[in-house]
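Subject: A structure for you to look at

Hello,

Here is the structure I promised to pass on to you. Please open it and keep it beside this email while you read.

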Amino acid sequence: MFAKRDTPAQIRAGLKWIAFSMLTPGAGQFNYARTKADGLPVGYPEPLDFAGATSAKNEHLKAASATIQVASFKPFVDAHEKGMGEPVDAQAVYKTLDAAMLGALNDQNADLSGLLKTAQTQVDQILSNQ
């Protein structure tokens with residue numbers, strides 16, 4: 001993110017800028033008044049980026065500049081269930097699928113059915129070991 005030649009002061013300034021633009025309610029990506037002025041939608045339910053008083057402030061700012069019917073999303077927000085997350089061996093599955101993908105992309109004459117069948121067998125084996 002930063003160049004090797006950056007000074008410690010430049011790196012600190014860069015980190016402060018990131019914190020300001022990416023983590024400050026009412027500023028940067030959370031400047032809902034600017035987003036509204038740009039004609040973009042404001043008010044969609046999004047994952048909570050903050051907690052406590054900061055979250056309340058962010059939600060208040062979003063509601064003040066909302067350009068959509070926020071109440072229409074209440075059933076969705078109320079029914080939102082916590083996700084299960086990745087399977088335990090997700091990286092092993094990705095590694096297996098990478099081999100099939102690389103085979104398909106790098107070989108014009110690749111046997112796609114064979115690659116997929118092999119990948120399926122390997123993924124099934126990985127998932128059965130959980």
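Below are some notes on helices, salt bridges and a surface patch.

First, some background. This is a predicted model, in which local features need pLDDT of at least 70 and side-chain atom pairs count only at pLDDT 80 or more, while totals for chains, interfaces and linings use all residues. Residues are numbered from 1 along each chain as its sequence is written, and side-chain values use heavy atoms, with hydrogens and water left out.

Helix 3

(Helices are DSSP runs of H or I with at least four residues, numbered from the N terminus.) Its 13 residues reach 19 Å from the first C-alpha to the last, close to the 18 Å expected at 1.5 Å a residue; the expected span is 1.5 Å times one less than the number of residues.

Which residues of helix 3 are buried? They are Ser55, Asn58 and Lys62. Seen down the axis, these buried residues fall within an arc of 65°, so they line one face of helix 3. The arc is taken from the directions between the helix axis and the C-beta atoms. Buried here means under 20% relative accessible area, exposed means over 50%, and partly exposed is in between (1.4 Å probe, protein chains only). The face turned away from the buried side carries the exposed residues Ala53, His60, Ala63 and Ala64.

The buried residues of helix 3 pack against helix 2 (32–37), where contact means heavy atoms within 4.5 Å. Asn58 has a relative accessibility of 4%. Leaving aside residues up to four places away in sequence, Asn58 touches Pro25, Phe30, Tyr32 and Phe50.

Salt bridges

How many salt bridges does a search of the whole structure find? There are 2, counting a side-chain nitrogen of Lys or Arg within 4 Å of a carboxyl oxygen of Asp or Glu. As background, side chains of opposite charge can pair when their charged atoms come close.

One of them joins Glu59 and Lys62, whose closest N and O atoms are 3.6 Å apart. Glu59 is partly exposed at 31% relative accessible area, whereas Lys62 is buried at 6%.

Asp78 forms a salt bridge with Lys74, with 2.8 Å between the closest N and O atoms. These two are in helix 4 (residues 74–79), 4 residues apart, which is about one helical turn. Asp78 is exposed, at 54% relative accessibility.

Helix 6

Ala119, Val123 and Ile126 are buried in helix 6. They cover an arc of only 55° around the axis, which puts them on the same side of helix 6. The buried residues pack against helix 5 (90–106). On the other side of helix 6, Ser113, Lys117, Gln120, Thr121 and Ser128 are exposed.

One surface patch

Finally, have a look at Leu15 in helix 1 (residues 8–23). Leu15 is partly exposed, at 47% relative accessibility. Together with Met1 and Phe2, Leu15 forms a nonpolar patch on the surface, with about 360 Å² of accessible area.

Enjoy exploring it!

Best wishes

Definitions and conventions. Patch = residues over 30% accessible without salt bridge, like charges linked within 9 Å, V, L, I, M, F, W, Y side chains within 5 Å. Areas by Shrake-Rupley, 256 points an atom, 1.4 Å probe, with all protein chains shown as cover.
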